[in-house]
Amino acid sequence: MAKVNDPIVINGLKVKNRITFSPTVKFDMAGPDAKVTEKHVRHYTERAEGGVGLICVEATAVEPGGRFAKNHLGLWDDAQIEGHTFITKACHDNKVAVIIQLNHTGITANPECGPAIGPSSVTTRNGNLSKEMTVSEIKEMQDLFVNAAIRAKKAGYDGIQLHGCHGYLINQFVNKTTNLRTDEYGGSVENRARFAAEILRRIRKECGEEFLLSVRTVGADPELADAIAIAEEYVKAGCNYLQVSHGMGEAEPGLRSEEDPYNGICAMGVHFHKAFTGRIPTSCANGILEPDLVKYLIENDLTDTVDLARAILADPAFPDAVLNGTDYTKCFGCPRCQYGPFTEHKCPAEIKRGKK
Ligand SMILES: Cc1cc2nc3c(=O)[nH]c(=O)nc-3n(C[C@H](O)[C@H](O)[C@H](O)COP(=O)(O)O)c2cc1C
Ligand code: SF4
C-alpha cells in the first residue's frame, strides 16, 4: 500500500511525495508583457516551501492571442525566460519537481488578446463564428507549443504539461462538437488526438528523453472510454504522466458510487488509474480539500498522485498537514474562487492566515 509521503519516480524524475499543486492561473500577477513578476515568485516559493512534491505552474500562453486576459503569463518570447528561472530555482531549492502548463485558448480567445481560432468554424461563447485553422496554421501553432517547451527547459523546468482539458485548444481538437474536420486532424480518435500527439513527439525530440511530458487530459468528453483512447494516443507519443480533469462538460455520470468520498470529476481520474496502472502514473483532481481524502485516494491505490488547487491556494502548508498532521487553514469553498479571473483577489483563507 502506497503512502502519501512515498516518493514516486516519473520518467526518471524523483517526486518526493504524492501531492501536486494543480495549475492555477493568477490573473492579477502578470503585466501586459506576460512576464513572471515578484508576486509569482513569492506565490510559488511559498507553495514550494509548504511540502508539496510537484508543482505544475499555471496555464501559460504560447502566443499573445492565446491568453485568457491581458494580465496572463506567457512563454512566447526569450525575454520571458528569465522570470521563470526564479520559480524553478525556488522549487529545486526546496526539492520540489516543477513543470509548466502550456496553453492556447483557441475558440475561447479573449477578443482583447486575439481572434477565436480552432479546429473548425463553430459558434463561440459570444455568438460569433471561430476561424477554422488551415493545416499550415495548425503546424505554426504546434511550433509555438514546441518553442515554448524549449524555453521552459531553458528556464529550468523539469518538464511541461499540455493543457488538454477545460475546453481550450487541445480539448477543442479532441471534442467532436468543436472539431468537425474531415482531414487528418478530425474524425477518428487518432486524428482528434493528432494535434497534441505531434506536439509531444516534437518536444520529446527537441528536449530529450529526460524531459517530463505530461498532459492534463479530459476524463470524459463526453465519455470515459473515448477519453482513455485519446490519452492512449498521448502515451504512444511520449507522454509520461497524465493528470485528469474535466472537458467541456462536467463528469460522465455513473462513474462513482454513493459511498465514494470523492466527486465525479475525481472519479474519472480514478478510472484512468485503473486503465494506465503499471504503465504511466496518473493523477486525479477536484474537490479534494481534506487531508483524509488525499490519504484515502493514495492508500487505496485509486491514483498515483493527487492534484490540489484550492487547498494549496488557501494554505501553502496544506501538504504538511496531510504528511505530518499539522494545522492548516481550510479553503472556504467560495462560490467563485477569489484567485479566479476578473475578481478582486481576496482569498478569505489567506486573510485568515494573516497574509493580507
Ligand atoms: C483560480 C484558479 C485558477 C485555475 N487555473 C487553472 C489553470 O491554469 N490550468 C488548469 O488546468 N486548471 C486551472 N484551474 C483548475 C484547477 O487546477 C483545479 O482543477 C480545480 O480548481 C479543481 O480542483 P480543487 O478542487 O483542488 O480546487 C484553476 C482553478 C482555480 C480555482
Ligand atoms: S478560500 Fe475561496 S478564494 Fe481562497 S482558495 Fe478557497 S475558494 Fe479560492
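Leaving aside its neighbours within four places in sequence, which residues is Pro23 in contact with? Contact here means that two C-beta atoms, placed from the backbone, lie within 7 Å. By that test, Pro23 is in contact with Cys56, Val57, Glu58, Ala59, Gln101, Gln161 and Arg216.

A word on the model. It is predicted, so local features need pLDDT of at least 70 and side-chain atom pairs count only at pLDDT 80 or more, while totals for chains, interfaces and linings use all residues. Residues are numbered from 1 along each chain as its sequence is written, and chains are lettered from A and ligands numbered from 1 in the order in which they are written.

Back to Pro23. It sits in the loop between β3 and α1 (38-49). Helices (H or I, at least four residues) and strands (E, at least two) are DSSP runs, numbered from the N terminus. Pro23 counts as buried because 24 other C-beta atoms lie within 10 Å. The cut-offs are 20 or more such atoms within 10 Å for buried, 12 or fewer for exposed, and partly exposed in between, with C-beta atoms placed from the backbone. Val57 is 34 residues away along the chain, yet its C-alpha is 5.2 Å from that of Pro23.

Now the sheet. Eight strands form a closed barrel in the order β3-β4-β5-β8-β9-β10-β11-β12, with parallel pairing. Neighbouring strands of this sheet are turned by 25° against each other on average, direction ignored. Two strands pair if DSSP finds at least two bridges between them. Strand β3 (residues 19-21) pairs with strand β12 (residues 305-308) in the parallel sense over three bridges. Phe21 has Leu308 in β12 as its bridge partner.

Helix α7 packs on this sheet, touching β10 and β11, and its direction makes about 170° with that of β11. Axes are lines fitted to C-alpha atoms, for helices over the stretch in contact, and angles run from 0 to 180 degrees between N-to-C directions. Helix α7 (residues 264-276) has 13 residues and reaches 19 Å from its first C-alpha to its last, close to the 18 Å expected. That expected span is 1.5 Å times one less than the number of residues. The buried residues of α7 include Ile265, Cys266 and Gly269. Its buried residues pack against α6 (224-236), β10 (241-245) and β11 (282-285). After α7 comes Gly278, with a positive phi near 85°.

Ala285 gives a view from the strand side. It lies in β11. Ala285 counts as buried because it has 27 C-beta neighbours inside 10 Å. Its contacts beyond four places in sequence include Ile265, Cys266 and Gly269, along with Ser22 and Asp307. Cys266 is 19 residues from Ala285 in sequence and 5.1 Å away, C-alpha to C-alpha.

Two ligands remain. A residue is near a molecule if its C-beta atom, placed from the backbone, lies within 6 Å of it. Around ligand 1 there are 22 residues, and Ser22, Ala59, Ala309, Arg310 and Tyr339 come nearest. β4 (54-61) and α9 each supply at least two residues of this shell. The shell around ligand 1 divides into ten nonpolar, nine polar and three charged residues. Nonpolar covers Ala, Val, Leu, Ile, Met, Phe, Trp, Tyr, Cys and Pro, charged covers Asp, Glu, Lys and Arg, and the others, Gly among them, are polar.

Ligand 2 is surrounded by 13 residues, the closest being Cys331, Cys334, Cys337, Gln338 and Cys347. Here α9 (310-314) and α11 (348-352) are the elements that give two or more residues. α9 gives the most, with three. The shell around ligand 2 holds ten nonpolar, two polar and one charged residue.
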